[in-house]
Amino acid sequence: MEDNGLVENVGISGPGSRLAQARDRHTLYFREHPRESDRECLEHLFKAVSHLPAVNELFGVKHNPLWRLAPTGDGAAMLLTFFQKIDATTGSLIHDFTDKNWDTRFLGDLYQDLSEAARKKYALLQTPDFIESFILDRTLTPAINTFGLAEVRMIDPTCGSGHFVLGAFHRLLTLWQQREPETNERELAARALNAVYGVDLNPYAVAIARFRLLVAALKASGIQKMKDAPDFKIHLAVGDSLLHGPRPGGYRTETNFLSGFDPVGYVYDTEDAEKLGIILGQQYHVVARNPPYITAGDKALGNAYRERFKSCYRKYSLIVPFFERFFDLAFSSNVSGVALLHFSI
């Protein structure tokens, strides 16, 4: 955000004069807080940025591990030094993330590569661009042709850091721009956002996905500053899409819940209960995802999935219940007696 001018006050680093601004701000902080360390300085910067739209989950206390396991003062100083390093041969900032296209795909890849624990626990493996395009070509495109651009909505029930929802957003936005070139850009971006939904168990991955969607919407709207972001509705939620939400049309008969009722009955503090009820309580024209190819994390969780999904038997991969869940979430629209399901894995 600092390198691309999305925030006005630079606190960590930036190309050109922005690096000097960051260093001046650092000096000023310690004039006012002489007994603190770079750890407190970094936390101060995170708190300030967390008030911006759609960034709270990245920098706020609920999902960011900084607030539970912060670096030492020396460790924080090393981080700041790392991002402020200058190439001695060119005089330019070594780690410069300036990008006129505001491409955020690397954020998901970076999170996957930096956190081995998260990669193993959540099966983080970013889908390559050509596979994402291949799947959306065969799901989103025919769904738009069948149901219409204004009606279609898409969900990724294991959205991770948002590759599929970002790809769907860009496709929908392009089609709206072609159909209504005179319509306000913010309105078209809002329509595209309103058609994409996602759920994931990993709270920080969802925070990254939400940030990526906001940046894409800002770019499409011609907005240059985070503080100027309108109240875009971003339909992403943290939670287990296998456990939460009813199962309309599921293979296992469930009889004792109303529309929107959550059979689990509780959510963790990191999960978004209200959003889960809305997102997983409706069906979609497109269910697109490359699901996790791992087993359940523990015996109790494996048994809980087995209770909800008839296809789970003995030791099973999570792709098995997700296969059922994909069908649950997909619309079944009878056209001339033919059921149309648009989904993929």
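Reader: Where is Trp102 found, and is Trp102 buried or exposed?

Author: Trp102 is found in the loop between α4 (73–83) and α5 (105–114). Helices are DSSP runs of H or I with at least four residues, strands are runs of E with at least two, and both are numbered from the N terminus. Buried means under 20% relative accessible area, exposed over 50%, and partly exposed in between, with a 1.4 Å probe and protein chains only. At 13% relative accessibility, Trp102 counts as buried.

Reader: What kind of model is this, and how are its residues numbered?

Author: The model is predicted, so local features need pLDDT of at least 70 and side-chain atom pairs count only at pLDDT 80 or more, while totals for chains, interfaces and linings use all residues. Side-chain values use heavy atoms, with hydrogens and water left out, and residues are numbered from 1 along each chain as its sequence is written.

Reader: What is the phi of Trp102?

Author: Trp102 is a residue other than glycine, and its phi is positive. The value is near 55°.

Reader: Which loop holds Arg314, and is Arg314 buried or exposed?

Author: Arg314 also has a phi near 55°, a positive value in a residue other than glycine. Its loop lies between α13 (299–308) and α14 (319–329). With a relative accessible area of 63%, Arg314 is exposed.

Reader: How many helices and strands are in the protein chain, and what percentage of its residues is buried?

Author: The protein chain has 14 helices and seven strands. Of its 345 residues, the buried ones make up 44%.

Reader: Among contacts between residues at least 6 apart in sequence, what percentage joins residues at least 24 apart?

Author: Contact means heavy atoms within 4.5 Å. Among the contacts in the protein chain between residues at least 6 apart in sequence, the share that joins residues at least 24 apart is 69%.

Reader: Which helix do the buried residues of α1 pack against?

Author: Arg18, Leu19, Ala22 and Tyr29 are the buried residues of α1. They cover an arc of only 110° around the axis, which puts them on the same side of α1; the arc is that of the directions from the helix axis to the C-beta atoms. The face turned away from this buried side carries the exposed residues Ser17, Asp24 and Arg31. The buried residues pack against α2 (38–49).

Reader: Which residues does Gly162 contact, leaving aside its neighbours within four places in sequence?

Author: Gly162 is found in the loop between β1 (154–156) and α9, and at 0% relative accessibility it counts as buried. Its C-alpha is 9.4 Å from that of Leu236, which is 74 residues away in sequence. Leaving aside neighbours within four places, Gly162 is in contact with Ala209 and Arg212.

Reader: How are α9 and α11 oriented to each other?

Author: Axes are lines fitted to C-alpha atoms, for helices over the stretch in contact, and angles run from 0 to 180 degrees between N-to-C directions. The axes of α9 (residues 163–179) and α11 (residues 203–221) come within 9 Å and cross at roughly 20°. Angles under 35 degrees count as roughly parallel, over 145 as roughly antiparallel, 65 to 115 as roughly perpendicular and the rest as oblique. The helices α9 and α11 are therefore roughly parallel.

Reader: What is the handedness of the crossing of α9 and α11?

Author: A crossing is left-handed if the near helix is turned anticlockwise from the far one by less than a right angle, and right-handed if clockwise. Residues of α9 that meet α11 include Phe169 and Leu173. The crossing is right-handed.

Reader: How is α9 placed relative to α10?

Author: α9 and α10 (residues 185–193) pack at an angle of about 135°, with their axes 9 Å apart. That makes α9 oblique to α10.

Reader: How are α5 and α11 oriented to each other?

Author: The axes of α5 and α11 come within 9 Å and cross at roughly 165°. The two helices are therefore roughly antiparallel.
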